[in-house]
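Here are my notes for you on this one. Have the structure open and follow along point by point.

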Amino acid sequence: MTGMAPDRTLPWDWFPGRVPDNVTIAQTAFVETTFSFLLFRSQRAEAMKVGHGASTYLGTMFDVGREGRVALGKFALVHGARIICEAEITIEDYALISWNVVLMDSYRVPSDPDARREMVRRVPEGKPRFIDRPLAGQPIRIGRAAWIGFDSCVLPGVTVGEGAVVGARSVVASDVAPFTIVAGNPARLVRRLTDAEIADGR
Ligand SMILES: CC(C)(COP(=O)(O)OP(=O)(O)OC[C@H]1O[C@@H](n2cnc3c(N)ncnc32)[C@H](O)[C@@H]1OP(=O)(O)O)[C@@H](O)C(=O)NCCC(=O)NCCS
């Protein structure tokens, strides 16, 4: 049970925050702390859904821009990841996102050095004081029952297929086929899951 109070606070929360109005959390889902929404700026009417039995634990940050939309499917589990979203990030049912993973559907800073320096110069004038540029993102999709190992990074536009495994500390720059294991920087195919492994996971 979320046990979310009518004022959208969480009774067990150590942080004095609220769940944003445009975030829907299933009654059976668990959000450990509203600190996860400190960088949540989406203005969309239905900006985020946390599905039945899903959970987000300490260290998870929803760094979501004005047009961003995030969906966590049934029993999706996010354990301390940074979700950087300007367009759309979908984490499907039973997907598991491990510690310190970064899912980023957009790059926050320009690649041109002059533009980057100018942006950094403007940071002290910002309220709050951080980089917030409206950007066109490329959606990310983490497929059903996929597993993203700790410290990995998934780059803009990537789809990780159903049941796929991303090895720890990988940088995923292109799509991952369903039921495969990839690892490394850039992430490359390690092997395909066996039929027995696929059957076990269903
Ligand atoms: C990918 C993983 C699942 C192992 O899969 P596996 O099928 O048992 O693979 P193996 O250990 O047999 O390794 C196969 C090859 O991939 C390489 N490899 C495995 N994991 C790797 C990684 N994270 N990065 C780079 N290479 C990796 C191995 O060195 C080996 O290479 P080789 O064939 O040249 O010797 C595991 O290494 C991993 O990274 N797990 C993530 C753990 C995690 O994040 N836990 C957090 C708790 S939720």
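1. Let's start with a pair of strands: S8, covering residues 82–85, runs parallel to S11, covering residues 102–104, and three bridges link them. Strands here are DSSP runs of E with at least two residues, numbered from the N terminus, and two of them count as paired if DSSP finds at least two bridges between them. Look for isoleucine 84, which sits opposite methionine 104 in S11.

2. Before going on, two things to keep in mind. This is a predicted model, where local features need pLDDT of at least 70 and side-chain atom pairs count only at pLDDT 80 or more, while totals for chains, interfaces and linings use all residues. Residue numbers start from 1 along each chain as its sequence is written.

3. Now zoom out: S8 and S11 belong to an open sheet of five strands, in the order S5-S8-S11-S14-S17, with parallel pairing. At the edges are S5 (61–64) and S17 (171–172), each pairing on one side only.

4. Strand S6 (residues 69–72) runs parallel to S9, joined by four bridges, and leucine 72 has isoleucine 91 in S9 as its bridge partner. S9 also pairs in the parallel sense with S12 (residues 140–142), over three bridges; there, threonine 90 stands opposite arginine 141.

5. Finally, which residues surround the ligand? Among them are Ser98, Phe150, Arg169, Ile181 and Val190, where near means a C-beta atom, placed from the backbone, within 6 Å. The shell splits into six nonpolar, five polar and one charged; Asp, Glu, Lys and Arg count as charged, Ala, Val, Leu, Ile, Met, Phe, Trp, Tyr, Cys and Pro as nonpolar, and the others, including Gly, as polar.
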